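Please open the model in your viewer and keep the selection tool at hand, as this tour goes from one stop to the next.

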Amino acid sequence: MTAPRVVTQPLSGNPLASAAIEGSAPRGWYEPQPHDVPSWLERLESVRSEFGDWLTRLAPAFNAAGKAKERLEASAKGRGVVVTTGQQPGLFGGPVYTLSKALSALALADSLQEATGIPVAPVFWAATDDTDFKEASSAVIAVPGGAQLLRIDHAEQLGRPMAAMLLGDVSTELEALTHSTGSMIDRTPIELLERFYKPGETIGSAYVSFLRALLAPLGIAVIDASHRSTREAARPVLTAALEKAGEIAASLTARNQELDAAGFAQQVQDVPGLSLVFSTASGGRKRVPIKAAAKQAVSDDLGPNVLLRPVVERAILPTATYIGGPAEIAYFAQVAPIADVLKLARPAIVPRWSCMIIEPHVEKILEKLYLLPEDFRDPHEVEARVARARLPKRVIDELNATRAQLDERLDALSDAVAEGRAPVGPAVTGGLRANLMRRLDRFERRLIAAAKKEHADIMQEIATARGSLYPLGKPQERSLNFVPLLARYGPMLREEMLAEASAHAARLLGAQQSARSLEEAAPARGRS
């Protein structure tokens, strides 16, 4: 079988994230990113020196096995560090970027470990404490002629964390996903879904179990944010965040004002009067009011909001850096002042690897119709362009000539009206122009619509390509479920993705040196 083409793409869509990636964000908003191997070595040495036996208390939250467990243990007890990424639960594992994030962490961990000689474990933070049921309850699959949205109903009242939201029967949706996969090289991803996505599980537990089984053989550990061990480890940070809720709010307001003054949008909007600590004691997930924060009893029902979470993670794990997307990079500018108030280490972030996977049958469609993947960003442009190209040449030529002549004669008419001081204003001739051009455009649209019907087979091919590259109008990485791709192409897809992610990791390391080039420098920094 021909392997799909994996195309590395730049992260885009957020001006602040772009500024941070380019290094042009205002000084002090972000923890400085190491720029070469020696500076990365210094970061790793500094982080690991802060931690002792962090793994023993968090081991139940990882429940790691195989290579994932081995890498965690190698990095424990001050010997090494971790590189993290994460995501809230998505149905059946979520979209492609769940996998590309995990492979980004693996690639960077491997590159850092090889370059510095310090053990680095890749960790995926499964945010099962999230309450976004809309994202957790849907998956998009590519099918002939487009894309299909799979959605499940909630079995319990909305507002509950996904760790507590019962899954219900998803056999119909899983059957549709399996059917869309077609022939498989590796049925393991489907079998794992069948094993874990079943009644009795919660949305969060199914997600965590699936990812652990899928990623552990690669050496990637998955930590459950809702596990009691995680919450207990986070308790000191949550306690401090409640005690200093007012100070944090003031500091965050100041940073938000700086963002506004610099022309950047606040990625996470401020909610006046509320702390950054959530309570799930009532079954739902509600932020503790600042006025009540000092009296709030600290328990396992508490958890951090999106801005406090990176601070918690950095406090309980020896995280050299988090790997995130544009939205995450943007809100990390709001995280730094929170860490400063709590007198905790600022979390660092680097951009994740981003990709598009072009399957062989989609590649053939692109080549046949002389299209590029980015052509599909517009929801209708490709169909209109291809249909127009299949109209008779004489029709197109006459249409263009008619438009040009009409434009020319309307210019002459407008000049005559102005020169002759006719009793009508420019608005009248302007309205005439708009009306006639609108009628001509409508005629062209009808021609194109007729061409689309005449060439329905080609429109079907375009819809198939769109369903893979921009399903339901969204970028593939952010919407298309990754499991059918893994099952169809097996290890060769994963290896190609990891190769591209490794190239991205090498760029993050700056100078591409091996551990051998640091043999003299490392002992001088006290490496053990």
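Select Glu313 and Arg309, whose side chains meet in a salt bridge at 2.8 Å, N to O; the term stands for a side-chain nitrogen of Lys or Arg within 4 Å of a carboxyl oxygen of Asp or Glu. The two residues are four apart in helix α13 and are therefore separated by about one helical turn, helices being DSSP runs of H or I with at least four residues, numbered from the N terminus. Glu313 is buried at 3% relative accessible area, and Arg309 is buried at 11%, where buried means under 20%, exposed over 50% and partly exposed in between, with a 1.4 Å probe and protein chains only.

This is a predicted model, in which local features need pLDDT of at least 70 and side-chain atom pairs count only at pLDDT 80 or more, while totals for chains, interfaces and linings use all residues. Residues are numbered from 1 along each chain as its sequence is written, and side-chain values use heavy atoms, with hydrogens and water left out.

Next, select Arg314 and Glu50, which form a salt bridge with their closest N and O atoms 3.1 Å apart. Arg314 belongs to helix α13 and Glu50 to the loop between α2 and α3, so this pair ties together parts that are 264 residues apart in sequence. Arg314 is buried at 9%, whereas Glu50 is partly exposed at 44%.

Then move to Arg388 and Glu444, joined by a salt bridge of 2.5 Å, N to O. Arg388 lies in helix α16 and Glu444 in helix α18, 56 residues apart.
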